[in-house]
Amino acid sequence: MLTDTNQPKLYGDYFYKFFQCPHWIWYDIYGDGQHKREIPPLLDLIYKGKAVDAGKGLATHKKFEQINPDLFKDLDEAFIATVELMKQGKNIYHGLLMSEDWVGMPDLLEAREGQSNLGDFYYVVYDVQNSLEMRDEYKFQLIFYSLILERIQGVRPTKAYLIDAQGNEVGFKIADYIDQFHLTRQQIEKILNGEKPAPFLKAGCKRTPWYSLCIAETQGCNDVSLIYKISQADQRRLYDIGIKTVDALAAIKPDELQEKLEDWPFDKIIRFSNQAKSLTTGQPMIIRKPNFPAVRYEVYFDIESDPLADIDYLLGFLIKDTKTGDVEYKYFLAKDKEHEPEAWRKFLDYLAGLEDFVIYHYAFYERLVFDRLVTRYGAPASLVEKFKENTIDLHTKLVDSAILPIYFYSLKDVGSYLNYKWDDSHAGGAESILWYKEWLEKKNDPDASVGAGDTIIKKILRYNEDDVRATMTIKDWLVEQKPSKTKEELD
C-alpha cells in the first residue's frame, strides 16, 4: 500500500526525535532553518547508539538481502523492492515499509515460520544498537514497524528485537507497550498537524539541531522545566496547580507544595524548590559539606570510548601529589582495537603500583567501562577490589552536597560554571570520537601530510586532560564549601 501524499507522513525516526526533545519534530517542519545547526551524520549515529556498517557485522550471524540504496531516491520504488523480497521470504537489511502515511525503515526484517498473507512465514523486526538497553524510543519505533508489518502481511508479530553487531539480541512483547505507544503516536501526530508542544528543556535537546531555540524559548518564559531533572509529567502536574515558572516554584513554600502534591516524596519537592531558588538568585546553595579521604595521591580519571567501533581508546588521568602539590597528566592510548588489551594491561600495572590514593571520576561511566574491560580482558581480583574500594563518583558527591544555578549537571556544565575553560569550548565526548576516527584514517593513509595525525591526537589528549582537570576543579571547589544556611532554611 503506497503513501497518501496529502497526509503528513509519520516516520519511524520521529519516535527517537520525540523522546530526545518534544520540539525537534515541530522545528524540523515549522522552524526557521537559520537557527538549525548541522550535525555530522557520524555524530548523529553516535547520539542514536547505532553501529557504523552494522550490516557487515551482522552478516556473520544472519543472512540477509540489502535493498539497493539508489532506490531510496523514490520511497515507492524502495517499498516495492522490499515487498518483492518479502514475498520470497528473504531476510532484509534496511528495507522500507509503508502503509498510507506511515513510513519506516527497520534495520532488519527477519522471516519466521508461521502463516501470513505472504505464505507459510511472517516477518519480525530488529533494530541494531550498540547497547541492548530497551529504551522507550527503541521499543516504540519497533512497535511502529511491527504495526506496518501487520498491515502488509496480515499478522502482527508478537515480539520485536534489539540486536548488536556481535549478534546478541533481546526481545520484548509488543502487547505490553502498545497502549503507551499509541499515546505517544497521538502526541506526535498533533505536532505533525501544527500543534507546538509546551516549552520543555531536557538533556536530549542538546543532541538536536535546534538546541539554541529550545533553550532560548524555555528561558524566555522562565518555564519550570528549567529545573534540573524535572520530567514532562512533573511539569504537567505543576502546571495543573498553577505553577508554570521557576519564579513561581521558588516562591511557594515546600509545605504548601506538599499539600498540593501529596503523592510526591518530600525530598523531591525540597530538591525542586531549592533548585528554583538557586536559579532565581543566581547563587549556589550548599546543603551539606562533603567528606573526602585524606590521601597522598588524588587521581582524576576519565575514559574516552567509541561505541560505534566498540573500543575504549583512551584511559586518561591526572595525578595530584597532595604533599608536594605537583600535578601530572598521564594516559594509556589504544592505537586501534588490536592494541586495546595492551592499554588495559598498562592501566592495571599502574593501578597495582598505587598506594595511599583515591580515584575520582565524574558520573558512572568510568566504573561501567572498568567492569566491561575486566569482563573482556580479565584482571586480578585484588586489583578489581582495589579499584572499586578507592573510587569516588564526584557527580554523586556534588548532587548530594550542592545546588547550582544551572540547568544541567554534566561535567561540562558544572566545570564551566566554576570557570574552568576547555581548550576547545565546543568539544565533547562525541567530538573526541570523530577526532579518533580521523586520526586512525590519517595514521593509515600513506598520502596524509607528515604530522597530520600528531595534530589530531594532541586535540584528543588535550580534551581528555581538560576533562580530568575540570574534575579536579569540582573536587577542589567542593572542599572549600560550607552549608550556607541551616537545614530548616534549606527545607
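**Note on the predicted model**

1. Start at helix α1. Its buried residues are covered by elements that include β1 (10–11), α2 (24–30), α3, α6 (136–153) and α7 (178–192). Contact here means heavy atoms within 4.5 Å. Helices (H or I, at least four residues) and strands (E, at least two) are DSSP runs, numbered from the N terminus.

2. This is a predicted model: local features need pLDDT of at least 70, side-chain atom pairs count only at pLDDT 80 or more, and totals for chains, interfaces and linings use all residues. Residues are numbered from 1 along each chain as its sequence is written, and side-chain values use heavy atoms, with hydrogens and water left out.

3. How many residues of α1 are buried? The helix spans residues 13–20 and is mostly covered, with 7 of its 8 residues buried. They are Tyr14, Phe15, Tyr16, Lys17, Phe18, Phe19 and Gln20. Buried means under 20% relative accessible area, exposed over 50%, and partly exposed in between (1.4 Å probe, protein chains only).

4. Next, the chain as a whole. The protein chain has 20 helices and 16 strands. Its C-alpha atoms fill a box of roughly 75 × 60 × 45 Å along the principal axes.

5. Of the 491 residues, 48% are buried. Among contacts between residues at least 6 apart in sequence, 67% join residues at least 24 apart.

6. Now a helix pair. The axes of α3 (residues 41–48) and α18 (residues 429–443) come within 10 Å and cross at roughly 125°. Axes are lines fitted to C-alpha atoms, for helices over the stretch in contact, and angles run from 0 to 180 degrees between N-to-C directions. α3 and α18 are therefore oblique to each other. Angles under 35 degrees count as roughly parallel, over 145 as roughly antiparallel, 65 to 115 as roughly perpendicular and the rest as oblique.

7. Which residues meet? Leu42, Leu43, Ile46 and Tyr47 in α3 meet Ala430, Glu431, Ile433, Leu434 and Lys437 in α18. The residues of this contact divide into 7 nonpolar, no polar and 2 charged. Ala, Val, Leu, Ile, Met, Phe, Trp, Tyr, Cys and Pro count as nonpolar, Asp, Glu, Lys and Arg as charged, and the others, Gly among them, as polar.

8. Leu308 lies in the loop between β11 (297–306) and β12 (311–321). Leu308 is buried, with a relative accessible area of 10%. The C-alpha atoms of Leu308 and Asn130 are separated by 6.9 Å, although the two residues are 178 apart along the chain.
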